[in-house]
Amino acid sequence: MSVRRFWASASTLLLAAAAALGMAQPASAATGGYVALGDSYSSGVGAGSYLSDSGACRRSTNAYPYLWAAANSPSSFNFVACSGATTSSVASSQLGALSSSTSLVSVTAGGNDVGFADVMQNCVLSGEATCLASVKSAVSQVNSALPSRLSSLYGSIHAKAPQAHVVVLGYPRFYKIGGSCFAGLTEAERSAINNASDVMNGVIAKQAANAGFTFSGVADKFTGHELCSGDPWLHSVSIPVENSYHPKAAGQSGGYLPAFRSAA
């Protein structure tokens, strides 16, 4: 057998083996329909350049769903993520975009269910004791109420789009501990907030796995770009206030987009 024929045969066998193992290409649904569900971390609050028809949902052309769709040209793209969304409102107002032909879904949900915005407000406006108590209460809700809410949402997503590859994304840690911030929250408050994010990501990851979905965390992507890092990809307390503690455009393109792309 000639060298050329040997390599041709070997290549054919390798491709066949890869196809048999489902490795011929990633689970990406670039040739199918893509639906982006979720809250403000998926709609792109804080990233600017909002679509004119998105209103208070603040869907941004700098958000990871829009960036991924622009780069991959899915056969259809429904961007329905909305600022302020909870697991319940995603289920009631966003799942109409799904169908049996949907091939890819992304979703972030959970933070608003446990009142994380209120936690951050308490931490900024009140003392350490109030902040830590608010964080503790949120963590309690994460562990007690959030699992069943996520399970219900994920079940509804699967029912509406049974053939879809579903990627569930997590939330970043907000603070670099021992970083460059010398004012504002105490290190104890920052550590508690980071821990709460880790706990929530753990609950989300478990429920995603239970549903047969893919969880993709973003905490590692934001490492070195948290608040107090010197190069934050997150807004601190900001004007307009809704931008506060949301990813900037750099956080969407450098944090969320790679996390989604690696799992899509």
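I take buried to mean under 20% relative accessible area, exposed over 50%, and partly exposed in between. I note at the outset that this is a predicted model.

**Entry 1: Ala208**

I began with Ala208, which sits in helix 8. Its relative accessible area is 0%, under the 20% cut-off, so I list Ala208 as buried. Val166 is 42 residues away along the chain. In space, the C-alpha atoms of Ala208 and Val166 are 8.9 Å apart.

**Entry 2: the largest pocket**

Next I looked up the largest pocket. Its volume is about 580 Å³. Lining it are 27 residues. Closest to the centre I find Ala117, Met120, Ser244, Tyr245 and His246. I asked which elements give two or more residues to the lining. They are helix 2 (40–43), helix 5 (116–125) and helix 8 (187–211). Which of the elements gives the most? Helix 5 does, with seven residues. I also sorted the lining by class. I noted 15 nonpolar residues, nine polar and three charged.

**Entry 3: a surface patch**

I stayed with helix 5, where Leu125 is placed. Is Leu125 buried or exposed? Its relative accessible area is 67%, over the 50% cut-off, so I call Leu125 exposed. Leu125 belongs to a nonpolar surface patch with Val124 and Val237. Together the three have about 290 Å² of accessible area.

**Entry 4: salt bridges**

How many salt bridges does the count give? I get four. I wrote up three pairs, as follows.

Arg149 with Asp113: I read 3.5 Å between the closest N and O atoms of this salt bridge. The pair links distant parts of the chain, 36 residues apart. Arg149 is in helix 7 (residues 146–160). Asp113 is in the loop between strand 3 (102–107) and helix 5. I compared the cover on each partner. Asp113 has 10% relative accessibility and so counts as buried. Arg149 has a relative accessible area of 37%, which makes it partly exposed.

Asp198 with Arg173: these side chains meet in a salt bridge at 2.8 Å, N to O. Asp198 is partly exposed, with a relative accessible area of 32%. Arg173 is partly exposed as well, at 29%.

Glu187 with Arg190: here the closest N and O atoms of the salt bridge are 2.9 Å apart. Why are the two separated by about one helical turn? I checked their positions: Glu187 and Arg190 are three residues apart in helix 8, so about one helical turn separates them. Glu187 is partly exposed, at 33% relative accessibility. Arg190 has 4% relative accessibility, so I mark it as buried.

**Entry 5: helix 8, collected**

I went back over my notes on helix 8. It gives two or more residues to the lining of the largest pocket. It holds the Glu187 and Arg190 pair.

Technical notes
Residues numbered from 1 in each chain as written. Predicted model: local features only at pLDDT ≥ 70, side-chain atom pairs only at ≥ 80, totals over all residues. Heavy atoms only, no water. 1 Å grid on protein atoms, 1.4 Å probe; cavity = no way out; pocket = protein on both sides within 12 Å on 5 of 7 lines; lining within 4 Å. Points joined across faces, edges and corners; volume = space filled by probe spheres on them. Helix = DSSP H or I, 4+ residues; strand = E, 2+ residues; numbered from the N terminus. Nonpolar A, V, L, I, M, F, W, Y, C, P; charged D, E, K, R; others polar. Patch = residues over 30% accessible without salt bridge, like charges linked within 9 Å, V, L, I, M, F, W, Y side chains within 5 Å. Areas by Shrake-Rupley, 256 points an atom, 1.4 Å probe, with all protein chains shown as cover. Buried < 20%, exposed > 50% of the residue type's maximum accessible area, 1.4 Å probe, protein only.
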